Amino acid sequence: MGHTLFIADLHLCPEEPAITAGFLHFLQHDAREADALYILGDLFEAWIGDDDPVPLHAQIAAALKALKQHGVALYFIHGNRDFLLGYHFAAASGMTLLPEEQVLTLYGQRVLILHGDTLCTDDEGYQRFRRKVHQRWLQKLFLALPLRLRQRIARRMRAGSQSANQHKSAAIMDVNPQAVKETLRRHHVLLMIHGHTHRPAVHSLEIDQQPAQRFVLGAWHTEGSMIRVSAQGAELIHFPFCG
Ligand code: LP5
Ligand code: MN
């Protein structure tokens, strides 16, 4: 019987080689057994354009492409760190870019997938920031800047984000329960999978007297996190890097 895998929040960067090694191992082993792999955002720590010549990016593209050529379908939803990942990288890695919310029918079950940042509606500062940087004209302008300047701006944004987050409560940075319900209702779905909050869990809730579930992926800090969906249902799994 087939199954489909979901991952998010790897935050790959040259400074964290253990996570990259864990991911490459995952792509060569577990991921090969799946019908499809969905990456639900924040695959990279920060993405400033497909033309960024970091060797890590080419290495990851090649590993993803090899998985695709092995017969595993590959999909990507943007996160808040890599929302600028574009068609060049998608083509190089064999990934199909999906919109920010997508409903899938997997083994007879309907599943809504998304990064998860849009559910954090109590974080007004972030939602304002998000609306700004999701303007198409601003993104085009940014991508036209010299690489060094883009790097500087991204560093400033990361520093701004880190200092802003120190003053935010844990509750503000989690999803808003009403936003979760409204999103499920809008798509007529009872199962949701997302990442972003780095709070891996399986939550049960009710939508119009019907039982619903929200699966949250964990970030890849010291171990891997994935969700496996098959005809038997969904399962949140943690696994060590390599081995
Ligand atoms: O990412 P993380 O975990 O720190 O926190 C997120 C939210 N922050 C962000 C910002 C990103 O980290 C920045 C990534 C930049 C990479 C790409 C650059 C491309 C630029 C394109 C321009 C068109 O997403 C954080 C949430 C948290 O998740 C939990 O949900 O709270 O939100 C914020 O911190 C937003 C703050 O409230 C306000 C952001 C201040 C940014 C300062 C900008 C200064 C820029 C100056 C440049 C001229
Ligand atoms: Mn995120």
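**View 1. Helices in the shell around ligand 1 of the predicted model.** Helix 4 (124-133) and helix 6 (147-166) each contribute at least two residues to the shell around ligand 1; helices are DSSP runs of H or I with at least four residues, numbered from the N terminus. Helix 6 gives the largest share, six residues. This is a predicted model, in which local features need pLDDT of at least 70 and side-chain atom pairs count only at pLDDT 80 or more, whereas totals for chains, interfaces and linings use all residues. Residues are numbered from 1 along each chain as its sequence is written, ligands are numbered from 1 in the order in which they are written, and side-chain values use heavy atoms, without hydrogens or water.

**View 2. The residues surrounding ligand 1.** Ligand 1 is surrounded by 20 residues (a heavy atom within 4 Å), and Arg81, Asp123, Ser161, Lys168 and His196 are the closest. Because domain 1 (3-44 + 52-123 + 171-239) and domain 2 (124-167) both supply shell residues, ligand 1 lies between them; the domain bounds come from an automatic or database assignment.

**View 3. Polar side chains at ligand 1.** Oxygen atoms of ligand 1 lie 2.5 Å from a side-chain N or O atom of arginine 81, 2.7 Å from one of lysine 168 and 2.8 Å from a polar side-chain atom of histidine 196.

How values were computed: Polar contact = N/O pair within 3.5 Å; in protein donor to acceptor, adjacent residues only side chain to side chain.
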